[in-house]
Amino acid sequence: FYPGPTFSGGAPGNLSEKMADWLSQRSGGRYQFIATQIPRRRLMRMLNQPHWQGVVAWANPRWFGAAALRQSWTGNFMVDANLVASLRSAPLDYSDDASLHGLRIGTVEGFNYKDFDSLVEAGRVIRDEADSEVRNLLKLQQRRVPVAFLQASSLPRMHQQFADLDSWLYLAARPRTVFERAFFMAAQQPQLLEFLNQSHAKLKLF
C-alpha cells in the first residue's frame, strides 16, 4: 500500500514486483506471489480477520499498532531511513527535533513518522502533507516548505524524477529516524514464515 515508485506495483522496476517474482521462483512452485497495492483502510479491515490471505511487504510493526501483535513477522528485509531534506540555498543541518521547531515540514499523507505527531500536537512544527514523495519534493523545490522528509530507499527514484536533484537538494548528514522493513502474514502459517525467513537470509537490501 506504499504509494512511492520504489515499492508500488505498476511503477517500472519497483521492488515489490521484483521481490514477488524472485520469491515465486525461489519457492519452486510452492508459492505464487503477486505484487498488489491496496488502500490502507482496506488493509486494516483485512488484518482484523484472523485468517486473512497474503503477505504484507516492506512493513514495520510500529505502523500497525495493536494489529501488529496478531501477525507473524519475518526478520528485517531492509534498513531504511527518513532523511531531512532542505534546499542547498537554505540548508538545514538536523541534529535533533529541536532543529525542526517553528518550521512547516513537508510529509507524505498516510506516512507514520516516529514521535512526529506529538511535535505537531504541541505546536512545535506544522505538518504539510502531499500525496506522494515526488509532490513533497516539488513543494520543497518551489519553496512552499523549507524542510521535507524523504525516505532513503526513494533516493534512486528521485534522481530519475529530478535530473537536477543534486544541484538543489540538501540532505542533512544525520537522518531523523532509521527503521527496518519486514514482511508479515496472518498468524499460524509457520511454513510460509519459515520460507520467507530462509529467503530473507539469502537477500540483503540497502
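**Figure 1. The whole chain.** Reading from the N terminus, the elements run α-α-β-β-β-α-β-α-β-α-α-β-β-α. That makes seven helices and seven strands, where helices (H or I, at least four residues) and strands (E, at least two) are DSSP runs, numbered from the N terminus. This is a predicted model, so local features need pLDDT of at least 70 and side-chain atom pairs count only at pLDDT 80 or more, while totals for chains, interfaces and linings use all residues. Residues are numbered from 1 along each chain as its sequence is written, and side-chain values use heavy atoms, with hydrogens and water left out. The C-alpha atoms fill a box of roughly 55 × 35 × 25 Å along the principal axes. With 206 residues, a compact globule would have a radius of gyration near 17 Å, and the 18 Å of the chain agrees with that; the radius is taken over C-alpha atoms, and the globule rule is 2.2 Å times the number of residues to the power 0.38.

Figure 2. The side chains of Arg176 and Asp97 meet in a salt bridge at 2.9 Å, N to O (a side-chain nitrogen of Lys or Arg within 4 Å of a carboxyl oxygen of Asp or Glu). Arg176 sits in the loop between strand E6 (169-171) and strand E7 (177-186), and Asp97 in the loop between strand E2 (71-87) and strand E3 (104-108), so the bridge ties together parts that are 79 residues apart in sequence. Both Arg176 and Asp97 are buried (buried means under 20% relative accessible area, exposed over 50%, partly exposed in between, with a 1.4 Å probe and protein chains only). In total, the structure holds seven salt bridges.

Figure 3. Asp128 and Arg104 pair up through their side chains at 3.4 Å, N to O. Asp128 lies in strand E4 (residues 126-130) and Arg104 in strand E3, so this pair links parts that are 24 residues apart in sequence. Asp128 is buried, at 18% relative accessible area, whereas Arg104 is partly exposed at 36%. Shared partners join Arg104, Asp128 and Lys139 into one salt-bridge network. Another bridge to look for here is Glu129 with Arg127, at 3.2 Å, N to O. Glu129 is partly exposed, with 40% relative accessibility.

**Figure 4. The loop between E7 and H7.** Gln188 belongs to this loop and has a phi near 65 degrees, a positive value in a residue other than glycine. Gln188 is exposed, at 68% relative accessibility. Gln189 is found in the loop between E7 and helix H7 (190-202) too, but Gln189 is partly exposed, at 22%. Gln189 and Gln71 are 118 residues apart along the chain, yet their C-alpha atoms are separated by 9.8 Å.

**Figure 5. Arg143 and its loop.** Look for Arg143 in the loop between helix H4 (133-141) and strand E5 (147-151). Phi of Arg143 is near 65 degrees, again positive in a residue other than glycine. Arg143 is exposed, with a relative accessible area of 57%.

**Figure 6. Surface and charges.** Of the 206 residues, 47% count as buried. The mean positions of the 24 positive and 18 negative charges are 4 Å apart. Lys and Arg count as positive and Asp and Glu as negative, with His and the chain ends not counted; the place of a charge is NZ of Lys, CZ of Arg, CG of Asp or CD of Glu.
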